[in-house]
Amino acid sequence: MDIEDLRTFVEVADAGGVSPAARRLGISKSMVSRRLIRLEEALSIQLLARTTRGAGLTEAGGTFREHAARICAEIDLARETILPAGDLRGRLRVAVPLTSGPLHFAPVLAEMARHHPQLQIHAEYADRFVDLIADGFDCAIRVGALRNSNLIARRVGQIYGKLVASPDYIRIHGSPEKPDEIAAHQALVGAETWRFMDGDKIITVQPQGRFSSDNGAALASAAAAGLGIAWLPDCVTHEYLASGALVPVMTRFPLPVGGVYVVRPPSPHPARKVRILSEFLTEAFERNPHL
């Protein structure tokens with residue numbers, strides 16, 4: 001059996017069909033189909049039940065998928081062990097936040113690609129919450145509080161934020177001085193709760209407003225247009241703050257310092273490419289602590 005046939009089978013099983021697996025692997029659907037046929041012929045058993053809606057595992061396929069995934073992981077680990085210390089090969093598929101990713105994390109990924117010319121880096125930028133295992137990602141860069149999950153997270157940096165508004169909004173509506181005054185203001189809502197520090201104590205506020213978005217850049221633009229107050233990281237607002245289009249408000253109650261993490265599916269042997277990405281990001285934050 002060919003290792004690429006095994007790897008392709010695992011991708012099809014996890015993606016639920018030939019088309020999404022082909023997109024993940026960066027190859028044609030016909031190539032995926034040929035590999036599956038070759039593997040089933042080598043085993044003399046049907047692994048997948050093909051339908052018009054995709055491909056489902058047969059009982060034998062479900063059993064074999066677990067073994068195939070372990071074999072692929074062991075082969076990857078063996079390859080990494082014998083490769084020269086600085087050499088990376090294969091493909092790194094990483095999910096990156098859309099709001100801060102293109103400006104702040106894309107240069108780090110480009111630097112990693114330059115140092116490792118035989119590594120293929122596939123980055124997907126989105127602010128939606130990505131299921132790493134179901135969507136076939138090696139890892140994700142995540143900012144802020146992490147959800148409870150079985151994923152393994154490594155902190156690579158920290159991120160700061162502020163409550164901001166435009167000078168025009170403050171002139172017309174005033175500025176809140178305490179967290180309980182936020183209820184009287186229009187909030188630009190990106191998170192269900194806003195948190196502030198009062199010494200060592202955390203105060204939680206439920207913001208209310210008529211403008212909401214899951215994209216920080218959209219919230220910053222709305223704040224600059226005078227639509228309300230936004231709770232945002234500095235990496236999104238720094239240009240607005242520098243130009244005076246936005247100003248900090250309620251500075252006596254700062255936002256908690258957030259974390260930047262590389263998260264990956266659970267495994268006793270993390271891929272070296274994920275470890276190297278974590279190191280590149282850690283070094284980038286060390287060079288620029290307020291990244």
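**View 1. Helix α8 passes helix α9 in a right-handed crossing, where right-handed means that the near helix is turned clockwise from the far one by less than a right angle, and left-handed anticlockwise.** The model is predicted, local features need pLDDT of at least 70 and side-chain atom pairs count only at pLDDT 80 or more, whereas totals for chains, interfaces and linings use all residues. Residues are numbered from 1 along each chain as its sequence is written, and side-chain values use heavy atoms, with hydrogens and water left out. The axes of α8 (residues 216–224) and α9 come within 9 Å and cross at roughly 25 degrees; these axes are lines fitted to C-alpha atoms over the stretch in contact, with angles from 0 to 180 degrees between N-to-C directions. That angle makes α8 roughly parallel to α9 (under 35 degrees is roughly parallel, over 145 roughly antiparallel, 65 to 115 roughly perpendicular, and the rest oblique). From α8, Gly216, Ala217, Ala220, Ser221 and Ala224 meet Val236, Thr237 and Tyr240 of α9, a contact being heavy atoms within 4.5 Å. By class, the residues of this contact divide into 5 nonpolar, 3 polar and no charged (Ala, Val, Leu, Ile, Met, Phe, Trp, Tyr, Cys and Pro are nonpolar, Asp, Glu, Lys and Arg charged, and the others, Gly among them, polar).

**View 2. Asp234 is found in helix α9, which covers residues 234–243.** Asp234 counts as buried because its relative accessibility is 17% (buried is under 20% relative accessible area, exposed over 50%, and partly exposed in between, with a 1.4 Å probe and protein chains only). Leaving aside residues up to four places away in sequence, Asp234 touches Tyr160, Gly161 and Lys162. With the side chain of Lys162, the side chain of Asp234 makes a polar contact at 3.1 Å, the term standing for a pair of N or O atoms within 3.5 Å, where within protein one must be able to donate a hydrogen and the other to accept it, and residues adjacent in sequence count only if both atoms are side-chain atoms.

**View 3. Helix α5 (residues 101–115) and helix α10 (residues 272–287) pack at an angle of about 125 degrees, with their axes 10 Å apart.** The two helices are therefore oblique to each other, and the crossing of α5 and α10 is right-handed. On the α5 side, Phe105, Val108, Leu109, Glu111, Met112 and His115 take part, meeting Lys273, Ile276, Leu277, Phe280, Leu281, Ala284, Phe285 and Arg287 in α10. The residues of this contact divide into 10 nonpolar, 1 polar and 3 charged.

View 4. Most residues other than glycine have a negative phi. Ser44, although not a glycine, has a positive phi of about 60 degrees, and lies in the loop between α3 (29–43) and β1 (48–51), helices and strands being DSSP runs numbered from the N terminus (H or I, at least four residues, for helices; E, at least two, for strands). With 65% relative accessibility, Ser44 counts as exposed. Phi of Met250 is also positive, near 50 degrees, in the loop between β13 (247–248) and β14 (258–264), and Met250 counts as buried at 7% relative accessibility.

**View 5. Asn150 has its place in the loop between β5 (139–143) and β6 (152–159).** Its relative accessibility of 51% is why Asn150 counts as exposed. Asn150 and Asp135 are 15 residues apart along the chain, and their C-alpha atoms are separated by 16 Å.
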